[in-house]
Amino acid sequence: MTSTSVATKQVVRRALRIDQTGTYPLFVFALRADEVLQVADISRVSRDEAGNLIGYQRPEVRRHVEEIVEYLNTEGSLFPNPIILALSSRIRFESSRGPGAGDGLATSGKLTIPLPVKGKPKPAWIVDGQQRALALARTHRSDFPVPVTAFVADSVGLQRDQFLRVNNTRPLPRGLVTELLPEVDSPLPPRLAIRKAPAALCDVLNTNPASPMYGLIKRASTTRGQAPNAVITDTVVVNMLNESLTSPSGCLFPYRDVSRNETDFDGILQALFIYWAAVRDTFPDAWGKSTNRSRLMHGAGIRAMGRLMDRILGVVDPRSPQAPETIRQHLALIAPYCHWTAGTWEDLGLRWNEIENMHRHIQELSSYLIRVHRNTRVELA
């Protein structure tokens, strides 16, 4: 019961069905190496014309794929790790007859996967094993048997959820995780859950036209052509927000009700929009430029100004009608001492373009700006 029918455009495999939930059946079966990409698409993370997130996979890692191909082409190669697929509900499973078909844990039977016709989507998507699938398509051993674990889910949301969980203990690119987190609705592991709110806020900062950072944040899904003005790395913004949200001294910390697991997102966004608009207006020559032309847009600059935000919004209520002007007055105090695009930070002993996104430089720059603000604040008293 193992065949690929050219006439009927379908792959038929003997499979085990495991019902872990009543909604999403799980299947275990095998495919030939050359069948994996015939059946499944790689859903790379990207954005549609409306700016909505589509897909969830990381870009191809060429050298890694080449190494897998080299290994597969050798005799005696072993490929125990299964490809994980999300199957379309178009697949069919017929249980085997007889008392031996099931043992209370799994049921054996026949799985039929329809192959796509021209112009139609494939019946499966790769949730885990993108690089391996690309390598399998290039190996000389086209009949190499590949273990597959698959679940039925047409929902991209469920596919993203499983993708994050499968890769939770692996070194996924931080930018990719940051971008995917706001799209996952189900409960997440604590390590990921704590990063969801900053990731969601980062997304709004980048996509809301009212945001001073609108279109300026680089995401894993966007190419240079799609976002020509993107100059701020999203993980930098997420780290800045996370620090303010989780530290008791952070200006965003009071917007969280930990006991009820609630967050006042509207209040946070109002504070962020007002503060960073004031930063933009205070440093117009440094705002929106690439990091090799402006260290304000650099990781160290964003993090340092984020820590200054905690100090300023600690004494300025962003809900006040006077808040925008008051924040600009606070920032005007430090402006003469800043060297985002030229000159030397004399107290730091660094030229403007020698500031790097490293812990020591972030600490030194943050301390310097906070110290200058504290020493000059008497002028606002």
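Is Cys251 buried or exposed? Cys251 counts as buried, at 9% relative accessibility; buried here means under 20% relative accessible area, exposed means over 50%, and partly exposed is in between (1.4 Å probe, protein chains only). Some notes on the rest follow.

1. Ground rules. This is a predicted model, so local features need pLDDT of at least 70 and side-chain atom pairs count only at pLDDT 80 or more, while totals for chains, interfaces and linings use all residues. Residues are numbered from 1 along each chain as its sequence is written, and side-chain values use heavy atoms, with hydrogens and water left out.

2. Overall picture. The protein has 12 helices and 17 strands; these are DSSP runs, numbered from the N terminus (helices are H or I with at least four residues, strands are E with at least two). Buried residues make up 48% of the 381 residues. Taking contact as heavy atoms within 4.5 Å, residues 24 or more positions apart account for 65% of the contacts with a separation of 6 or more.

3. If you were hoping for disulfides (a pair of cysteine sulfur atoms within 2.5 Å), the count comes to 0.

4. Aromatic pairs. There are 7 of them in the structure. Rings of Phe, Tyr and Trp (its six-membered ring) pair if their centres lie within 6.5 Å; planes under 30 degrees apart are stacked, over 60 edge-to-face, and the rest tilted. Take Phe27 and Phe93: the ring centres are 5.2 Å apart and the planes sit at 50°, so this pair is tilted. Phe27 belongs to strand E3 (residues 26–32) and Phe93 to strand E8 (residues 92–95), so the pair ties together parts that are 66 residues apart in sequence. Both Phe27 and Phe93 are buried.

5. Phe79 is in the loop between helix H2 (62–72) and strand E7 (83–87), and Phe144 is in the loop between helix H3 (130–138) and strand E11 (145–152), so the pair links parts of the chain 65 residues apart. Phe79 is buried at 10% relative accessible area, and Phe144 at 8%. Elsewhere, ring pairs link Phe283, Trp340, Trp345 and Tyr368 into a cluster.

6. H2 against H3. These helices pack at about 50°, with their axes 8 Å apart; axes are lines fitted to C-alpha atoms, for helices over the stretch in contact, and angles run from 0 to 180 degrees between N-to-C directions. H2 and H3 are therefore oblique to each other (under 35 degrees is roughly parallel, over 145 roughly antiparallel, 65 to 115 roughly perpendicular, the rest oblique). On the H2 side, the contact includes Ile68 and Leu72; on the H3 side, it includes Leu134 and Arg138.

7. H9 against H11. Helix H9 (residues 265–282) and helix H11 (residues 323–334) pack at an angle of about 50°, with axes 9 Å apart, and are therefore oblique to each other. Among the residues making the contact are Tyr275 and Ala278 of H9 and Ile327 and Leu331 of H11.

8. Thr112. You'll find Thr112 in strand E9 (residues 107–114), buried at 3% relative accessible area. Neighbours within four places in sequence aside, Thr112 is in contact with Gln10, Val11, Val12, Ile91 and Arg92.
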